Amino acid sequence: MYALEFAVDEINGNSSLLPGVKLGYSLVDSCSRYPWALQDALSLVGGNTRSCGQPVPLLIGASSSTTGIILSRVLGPLSIPIISYLATCPCLSDRLKFPNFFRTIPSDIYQARAIARLAIRFHWTWVGAVHANTDYGRLAMQVFQEEIQGKGVCLEFIETVHRETIVRDARRAALTIQASSAKVILIFCWYTDVKRLFLELNERNVTDRQFLASEAWSTSDDLLQDPAVSKVASGVLGVAIRSSTIPGFEKYLRNLHPVHRPHDGFLRDFWEKEFGCSAGEAAWFSYSSSSHSLSNGSTSSLAKESVQRASLPPCSGTESLEGLQHPFTDTSQLRGAYNVYLAVYAAAHALHSLLSCSISTCSSPDHIKPIKLLQHLNKVNFTTPQGEMFYFEGADTPAKYDLVNWQKTPEGPLKLVLIGHVDGFDLHLNESAIQWSTGSNQVPVSVCSESCPPGTRLAIRKGEPVCCFDCIQCAEGEISNTTGSSHCVPCPSEYWSNTERTACIPRQLDFLSFNETLGITLTTAAVCGATVTAAVFVVFVYYHQTPMVRANNSELSFLLLLSLKLCFLCSLVFIGRPSVWACRFQQAAFGISFVLCVSCLLVKTIVVLAVFRSARPGAKSLKWFGPCQQRGSVCLFTCIQVIICAIWLSLSPPVPQQDFGLRGSKVTLRCAMASVVGFSLVLGYIGLLACSCLLLAFLARKLPDNFNEAKLITFSMLIFCAVWIAFVPAYISSPGKYVVAVEIFAILASSYGLLLCIFAPKCFIILLKPEKNTKKHLMAR
């Protein structure tokens, strides 16, 4: 009321705004009753009030959305502009339904969005909500839910309270809050409903919740001063109607005195209450005569109050508001009053624009047409005395709010502290200035499930809100390097995940080396095999004149021992870091060494068959298998393999290649077969010779002789073929470096098989049974 009077006086004293024109006003109290508000509005626009005989072209009022809707619908056909300072329903922004409605307070949509942004900013993903069963509460709750959709914020519960059953509903809501795991509670209610809820929570000693307040109760002195509320609601964070100072307004208020305003009933009541003296009966009767007609009960009540006032001593006249400390004189944070101040200035600028128009379209100050004023109000744009740009966007002004915090004071009551503001969609917040419900600057945590740490991903629990989840560690080769990640990211092929699954690290090169256990084992086996072969060779050289050595084709035996030694040693080429030449040499050495070995056995078997065939009368086959023919045959068989290897290695040789196909922190460096055909030909040729040798040896196994070498060759070839038949599937299915290990094992196993099956019995006789190493014993049959 006083802000409106001050603004009018300030404009009337302004020579640049409405020069030569004085604004007038008429104040009417509707007592928050809709019928009275409508009656008063119609009286004002009709010019039937006792205080103002002339119709008014504009109304500043509607302290509630319902009142605003009623007045706008009724006065809309008359094009009477209405500027509200407290009606916040988003429905009033509809220009088709309410073309004559304006307001200097933002729509509730923006405060609900601001509160949602606060929840998102502080990572409160598990929130409870209480709202009034009114358009205000329901719509604000709806906007809040829309705003948090897909932003990781969930509502554990929503409680609705009714004004008519507030005691019962507040008790139910308090029990829900007490049982909930949500530590942050959002409340869209009128302050009287909130007080009832806080009293219920105080009875249950629920003091560990962080409350988010809507503008309907965030600045309520009634709540701030209540000791029971302060136990429950310290640290409240809320959105409030934006505040501002009005220069000169505090001085204006402190200069008010009942002597100068004998008809100001409010000031007289305030004066008598604060100073404990009677401000005079003349003012009382003047005030009561200008009020609404009252019922007999109300008249009786006023009579009793009159008697109480009569018992007060008269005021001395020296009383003053100059040094009084009271919320009424505190103009540091004007909210509703500032909105009224802006509304008066908006009306004045629209009127100024209307009266400053051209001769053909301007209006006379004595005959203002409301529809003309409405048109200019839609286009109003000015700078307030505080330097703020003001304009209407349809019915609304740009959304601006204060962010406030309830903080404890040494005296006991809570104090309201400004900690930031909202400008449109932007939050400007001083987090270090906030005192939370925890009693410190530590932000409360309100989550259904703790955020998943890096290295894990969240997995939604079936049948529960998305904010309730489990954390599952990323699989090998996948990472998540952020908190709360919903999925794991696969590492590039040349990288692998670390142990924590938080970063991709380069995969280490892996190959069969001489330093690892498997490499050492295979190397030892190969060296032992070569050593044993060398020892047998020495034994055969030392006893080369004995019948046992001479009877078994000593030249081929020496060549066989040499090839076996090469077979053992060629396996060493497969161990170590693969290189271009190592990949080529290992396959060539393997293929040629084994062909040389099997060729010697094949020729020995053929010679055995030829010898027994030549023993028959008239046989001439032995002349085709003399020493030269034997050496030539071995050389021919070996040369074929040399040619196969040469063609293979010249056209498409094996090359070192990193194998990324295997999962693991290591990448295998191996010799990749660029041509499977070449490798197949090498193995196939060895297999052909081995099968031929096995078949001929099998045929010669029962030839009459005390020491028939064909038996030994048969057993050795059976082992050889079994090893290499098993090698093929094992080689194909083995992962990484174990492919090489499988081939080395096959080489060593087949080499040991040949060495032991063929030469172990001979060495046994030569070294341990010398009595059998005689020509007589060998020729006994």
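Cysteine 452 is buried at 0% relative accessibility, where buried means under 20% relative accessible area, exposed over 50% and partly exposed in between, with a 1.4 Å probe and protein chains only. In this predicted model, local features need pLDDT of at least 70 and side-chain atom pairs count only at pLDDT 80 or more, while totals for chains, interfaces and linings use all residues. Residues are numbered from 1 along each chain as its sequence is written, and side-chain values use heavy atoms, with hydrogens and water left out.

A disulfide (a pair of cysteine sulfur atoms within 2.5 Å) joins cysteine 452 to cysteine 471, with an S to S distance of 2.1 Å. Because cysteine 452 lies in the loop between β13 and β14 and cysteine 471 in strand β15, the pair ties together parts that are 19 residues apart in sequence; strands (E, at least two residues) are DSSP runs numbered from the N terminus. The torsion about this S-S bond of cysteine 452 and cysteine 471 is about -95 degrees, so the disulfide is left-handed, and cysteine 471 is partly exposed at 38%.

## The link of cysteine 448 and cysteine 468

Cysteine 448 and cysteine 468 are joined by a disulfide with an S to S distance of 2.0 Å, and the torsion about their S-S bond is about 105 degrees, so this disulfide is right-handed. Cysteine 448 is partly exposed at 24% relative accessibility, whereas cysteine 468 is buried at 2%.

## The link of cysteine 474 and cysteine 488

The sulfur atoms of cysteine 474 and cysteine 488 lie 2.0 Å apart in a disulfide, and both cysteine 474 and cysteine 488 are buried.

Note on methods: Helices (H or I, at least four residues) and strands (E, at least two) are DSSP runs, numbered from the N terminus.
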